[in-house]
Amino acid sequence: MSETFGFVGIGNMGLPIAGRLMDAGHSLVVYDTRERAMHPLVARGAARAASVADVAAQVGTILLSLPTPAIVQAAVLGETGLAPGQRVKRIVDLSTTGPHMAARLDETVAGLGIRWIDCPVSGGVGGARAGTLAVMFSGPGADYEELLPTLRVIGKPFYIGEKPGLAQTMKLVNNMLSAAAMVLSAEAVVMGAKAGIQPGVMIDVINVGSGRNTATMQKFPQSILPRSFDYGFSTGLMHKDVDLFMAEARSMGLSLEACQVVLEIWRRAVDALGPESDFTRVVTLMEKAAGLELHGAPTAV
Ligand code: NAD
């Protein structure tokens with residue numbers, strides 16, 4: 001059944017996710033602080049809103065795909081955010097905000113008669129375009145059942161639990177592993193290249209062998225070896241995810257030594273490359289330290 005959804009945050013992930021909802025026949029009311037970000041969807045018939053409040057006045061369910069917990073909080077609870085008496089009844093947050101923020105927002109918007117659903121996603125821009133994202137849902141089971149056909153348009157839904165923030169924790173666990181795989185693969189492949197092995201050959205071997213992971217299977221062939229560094233996820237957001245993971249771990253009394261080293265490497269990457277750089281550029285730090293550059297195509301992408 002086609003419905004009208006609000007969609008706030010038309011960035012790297014928001015644009016392809018919103019595009020798939022329109023492909024599936026849904027109507028959208030869209031808002032982004034960057035006017036031009038809305039153009040491709042408005043050109044396809046989406047209605048352009050002037051603020052989150054404007055979206056909330058028009059639809060029952062709003063999806064968010066915003067960069068950071070602070071931005072999600074400001075967008076939703078700021079002056080032009082949610083207010084009593086609006087039509088909105090449910091917010092589905094696709095952003096990565098961490099469990100504490102999700103729980104806080106759940107409690108705050110409940111006072112306005114709105115249900116907060118945390119629903120972070122994993123699988124990158126490629127997964128968003130293809131509709132193959134891992135979609136992690138926590139919130140009321142009835143909302144999950146009702147939203148399932150819509151969630152299936154964007155990927156494979158998983159019900160993580162009822163407690164607000166559980167899906168955010170799931171997402172942080174996943175991204176910690178993705179962040180670690182990226183920096184460890186970069187270091188290991190640079191070491192092999194220094195010893196004289198062709199990077200393309202190395203990636204081929206690893207992807208048949210036991211070292212394979214999402215960095216060697218996707219990031220190296222698509223964005224690192226071709227030197228395009230255009231994977232579509234920023235260094236700043238990768239650092240945010242690892243930082244949120246470690247904050248949660250500390251709040252549980254866990255120190256997690258290897259994860260702490262991964263966090264420090266991503267902090268250095270933000271300092272050296274800037275938060276807006278594509279996160280695959282982290283490899284250039286390892287290359288610089290080794291005095292080489294990785295080039296060459298793998299034969300079996
Ligand atoms: P992005 O920076 O490309 O997009 C965010 C969009 O939000 C931008 O268009 C920006 O203009 C808009 N925006 C910022 N502040 C706003 C506000 N106050 N009101 C309305 N719009 C506002 O980020 P992204 O890569 O699309 O990531 C979005 C979320 O999804 C993040 O939380 C990220 O961690 C998560 N995520 C990203 C990926 C990925 O591969 N890029 C994968 C999984 C999850």
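Arg-227 sits in the loop that joins helix H10 (214-224) to H11; helices here are DSSP runs of H or I with at least four residues, numbered from the N terminus. Its phi is positive, about 60 degrees, although Arg-227 is not a glycine. Most residues other than glycine have a negative phi.

Leu-256 lies in the loop between H11 and helix H12 (257-273). Its phi is positive too, near 50 degrees, and Leu-256 is likewise a residue other than glycine.

## About the model

This is a predicted model, in which local features need pLDDT of at least 70 and side-chain atom pairs count only at pLDDT 80 or more, while totals for chains, interfaces and linings use all residues. Residues are numbered from 1 along each chain as its sequence is written, and side-chain values use heavy atoms, with hydrogens and water left out.

## Who surrounds the ligand

Let's turn to the ligand. Around it are 24 residues, and Asn-12, Met-13, Asp-32, Arg-34 and Leu-66 come nearest; a residue counts as near if one of its heavy atoms lies within 4 Å. By class, this shell has 11 nonpolar, nine polar and four charged residues, where Asp, Glu, Lys and Arg count as charged, Ala, Val, Leu, Ile, Met, Phe, Trp, Tyr, Cys and Pro as nonpolar, and the others, Gly among them, as polar.

Domain 1 (4-162) and domain 2 (169-300) each give the shell at least three residues, with bounds from an automatic or database domain assignment. Helix H4 (69-77) and helix H11 (235-251) each supply at least two.

## Backbone contacts and burial

A polar backbone atom of Gly-232 is 2.9 Å from a nitrogen atom of the ligand, and one of Thr-33 is 3.4 Å from a ligand nitrogen. For Pro-67, a backbone N or O atom lies 3.1 Å from a ligand oxygen. Taken alone, the ligand exposes 840 Å², of which the protein buries 88% (Shrake-Rupley method, 1.4 Å probe).

Definitions and conventions. Polar contact = N/O pair within 3.5 Å; in protein donor to acceptor, adjacent residues only side chain to side chain.
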